[in-house]
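Colleague: I am new to reading protein models. Could you take me through this one, step by step?

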Amino acid sequence: MTLLEKLSSQDFTLSLSSGFFGFFSHCGFVKALESEGLKPKRITGSSAGSIVAACLASGLNPFDMEKEFLNLTKQHYWDPAFGIGFLKGQVFEKTLHQFVKHEMKDASIPLHIATFDIARRRTQVFTEGPLPRIIRASCAVPMMFHPVKINNRYYWDGGIQDKMGWSQISSDELILGHSLPSDAISALFEDRRYKKNPNRFVLNTKGLPPTGPGQFANAPKSISMTYEQTKKFLDTKL
């Protein structure tokens, strides 16, 4: 049996990791799933992963998602302002309104989005609430973006403690994940509860070009490389 055959015959949760401006790569990953007719029963996401998770759960086809993402520019997230971080994040949140439902309850696929509660110093997973604001919080990289206020609490990037958005996922649940490379500091805090779990199948993409600020020209290559790596991953013999 291949991984594709297993996923085609069972319900599974899709998990998309944090990773600096890695939503282009995640787009390539979900494009490959769409091409094989794979549909998750639930999606978890953290930081960059929360963007693609929310787009998918909001009904945006991955092939249309690719077209929309490739039209993004610096102006879609750039709003420097004084505060704890360089960018305020309001422009980014406004951009998100173009792609995702306004409320998590309206998503067609259940969502779990990881954030980091600053005062409590622990992961907070959202399953309901204002979706663009929650994604903004999940993507609020410390010192790059201002903390995000939701219900009188302040949040930063979900990848601080929960790279894959797994905090509320059962250990016996079948999981298909896409993990982007971590820097050395981030790796120290990552959740490893499913490291040896036989129900967890995670593709760690390799050799992708950078797609951060000023490097969006690499986005098509990142998408295509991830697409090809995912297709091969799905053909893995179990």
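Colleague: How many helices and strands does the secondary structure of the protein come to?

Modeller: This is a predicted model, where local features need pLDDT of at least 70, side-chain atom pairs count only at pLDDT 80 or more, and totals for chains, interfaces and linings use all residues. Residues are numbered from 1 along each chain as its sequence is written, and side-chain values use heavy atoms, with hydrogens and water left out. Helices (H or I, at least four residues) and strands (E, at least two) are DSSP runs, numbered from the N terminus. The secondary structure comes to eight helices and eight strands.

Colleague: What is the radius of gyration, and why is the protein called as compact as a globular protein of that length?

Modeller: The radius is taken over C-alpha atoms, and the globule rule is 2.2 Å times the number of residues to the power 0.38. For 238 residues the rule gives 18 Å. The protein's own value is close to that, so it is as compact as a globular protein of that length: the radius of gyration is 16 Å.

Colleague: What percentage of the residues count as buried?

Modeller: Buried means under 20% relative accessible area, exposed over 50%, and partly exposed in between (1.4 Å probe, protein chains only). The protein has 238 residues, and the buried share is 54%.

Colleague: What share of the contacts with a separation of 6 or more comes from residues 24 or more positions apart?

Modeller: Contact means heavy atoms within 4.5 Å. Take the contacts with a separation of 6 or more; residues 24 or more positions apart account for 72%.

Colleague: How many disulfides does a search of the whole structure find?

Modeller: A disulfide is a pair of cysteine sulfur atoms within 2.5 Å. Look at Cys27: its closest cysteine sulfur is in Cys55, 8.7 Å away, so that is too far for a bond. Cys27 is buried at 0% relative accessibility, and Cys55 is buried with a relative accessible area of 0%. The search of the whole structure finds zero.

Colleague: Which helix is largely enclosed by the rest of the structure, and why?

Modeller: Count the buried residues in residues 131-138: seven of the eight are buried. Among them are Leu131, Ile134, Ile135 and Arg136. The helix is therefore largely enclosed by the rest of the structure, and its name is α6.

Colleague: Is Tyr77 buried or exposed, and which residues is Tyr77 in contact with, leaving aside its neighbours within four places in sequence?

Modeller: Tyr77 sits in the loop between α4 (62-69) and α5 (90-96). Its relative accessible area is 6%, so Tyr77 is buried. With neighbours within four places in sequence left aside, the contacts of Tyr77 are Phe21, Leu87, Val91, Phe92, Pro213 and Phe216.

Colleague: What is phi of Phe21, which is not a glycine?

Modeller: Phe21 lies in the loop between β1 (13-16) and α2 (23-35). Phe21 counts as buried, at 12% relative accessibility. Although Phe21 is not a glycine, its phi is positive, at about 50°.

Colleague: Is Met143 buried or exposed?

Modeller: Met143 is found in the loop between α6 and β5 (148-150). Its phi is near 75°, a positive value in a residue other than glycine. With a relative accessible area of 53%, Met143 is exposed.
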